[in-house]
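Please keep the sequence and the structure in view while reading.

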Amino acid sequence: MLDEAVHALGRGHLESALPALVGSRGDHEVRALRVEALGRAAVGLTGGIEALVSRDRANPDLWLWLARVRIEEAWHIKPDVRARAVQADRLQMYQRALESARTPLHTAARLVPDDPVPWISLLWLAVGLEWPRRERDEIYEEALARAPRLYATAVARLISLSPGWGGTSQEMLVFARAAAARAGSGDPMSALLPLAYFEHMSGERVSRSRLWDSFEVQRELTAASGRWHDVRGGRPHPRTVEAHNAFGAAFYLADMRRPARGHLARTAGRFSTLPWSHLGDPAKEYSKACSRLNVTY
């Protein structure tokens, strides 16, 4: 259903996404995933979504979708940190675009008080606008209270703690390690560990070889991957492919070809923005890694 909705959005057909959104109610993991995917797929189509909202102002799915699209559109115009001094106008556009998502998110949260997904998007908004730590913590707690073990919440929290967004590598890695240690078989929380190391690499400007050639890092990632391993024969977690991308990319950079190939072979040709965006264009970097590892899909 999600694939069909994303493809339809590529042709500008907004209504095709509505069943996917409605069908996600009651399953927080699926809802978070679908809102992210449909938000990215609808970049540039906010005018049409606003028209849908105007006709059905009591629909929480539409308010949530509108907000997420506005957030995704803002990230598309975010100026490079190193160029902010000469891109003041673009920075203001980026900030205004993020701010425009705030009211729709609060509306979605009010219409469905037990839905954690608006709070997850609000945390991304808070990160993007560099709100104070106290406010980010409060938003995280709101999301956590509604769904204590939601992967999308944990990823947003990880980014909010990262050195690239005002946090520290130490605190971020403590969070990722604790989440990974509690993860059981099939729980993608284990993948927070490789994601944290990618954030550390980018935020602290650590060289790839220095980080990924470290025996301690390789040992830690191998242990986390071994504890996770996706469940065979059962229903896969909605974030299984993302976890394979995270581990596959990490092992690829560590030149651990066998585990890298094993993880990327199970992505079925699907890449995730994180962690590949740390290396460049996500689609190109994913394809390059698969090609070098002889992974076919």
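In which sense, left-handed or right-handed, does helix 5 pass helix 7? The crossing of helix 5 over helix 7 is left-handed. The model discussed here is a predicted one. The points below treat this helix pair and then helix 12.

**Helix 5 and helix 7**

- Two packed helices are described by the angle between their axes and by the distance between those axes.
- For helix 5 (residues 60-77) and helix 7 (residues 102-111), the axes come within 8 Å and cross at roughly 150°.
- Angles over 145 degrees count as roughly antiparallel, and helix 5 and helix 7 are therefore roughly antiparallel to each other.
- Helix 5 contributes P60, W63, L64, L66, A67, R70 and I71 to the contact, while helix 7 contributes P104, L105, T107, A108 and L111.
- Sorted by class, this contact of helix 5 with helix 7 comprises 10 nonpolar residues, one polar residue and one charged residue.

- Helix 12 (residues 192-203) has 12 residues and, at 1.5 Å a residue, should span 16 Å; its end C-alpha atoms lie 16 Å apart, which agrees.
- Helix 12 is mostly covered, with 10 of its 12 residues buried.
- The buried residues of helix 12 include L192, L193, P194, L195 and A196, as well as Y197, F198, E199, H200 and M201.
- Among the elements that cover these buried residues are helix 10 (151-161), helix 11 (169-182), helix 13 (208-212), helix 14 (215-228), helix 15 (240-253) and helix 17 (273-276).
- Just after helix 12, R205 adopts a positive phi of about 55°.

Note on methods:
Residues are numbered from 1 along each chain as its sequence is written. This is a predicted model: local features need pLDDT of at least 70, side-chain atom pairs count only at pLDDT 80 or more; totals for chains, interfaces and linings use all residues. Side-chain values use heavy atoms; hydrogens and water are left out. Helices (H or I, at least four residues) and strands (E, at least two) are DSSP runs, numbered from the N terminus. The expected span of a helix is 1.5 Å times one less than its number of residues. Buried means under 20% relative accessible area, exposed over 50%, partly exposed in between (1.4 Å probe, protein chains only). Contact means heavy atoms within 4.5 Å. Axes are lines fitted to C-alpha atoms, for helices over the stretch in contact, and angles run from 0 to 180 degrees between N-to-C directions. Angles under 35 degrees count as roughly parallel, over 145 as roughly antiparallel, 65 to 115 as roughly perpendicular and the rest as oblique. A crossing is left-handed if the near helix is turned anticlockwise from the far one by less than a right angle, and right-handed if clockwise. Ala, Val, Leu, Ile, Met, Phe, Trp, Tyr, Cys and Pro count as nonpolar, Asp, Glu, Lys and Arg as charged, and the others, Gly among them, as polar.
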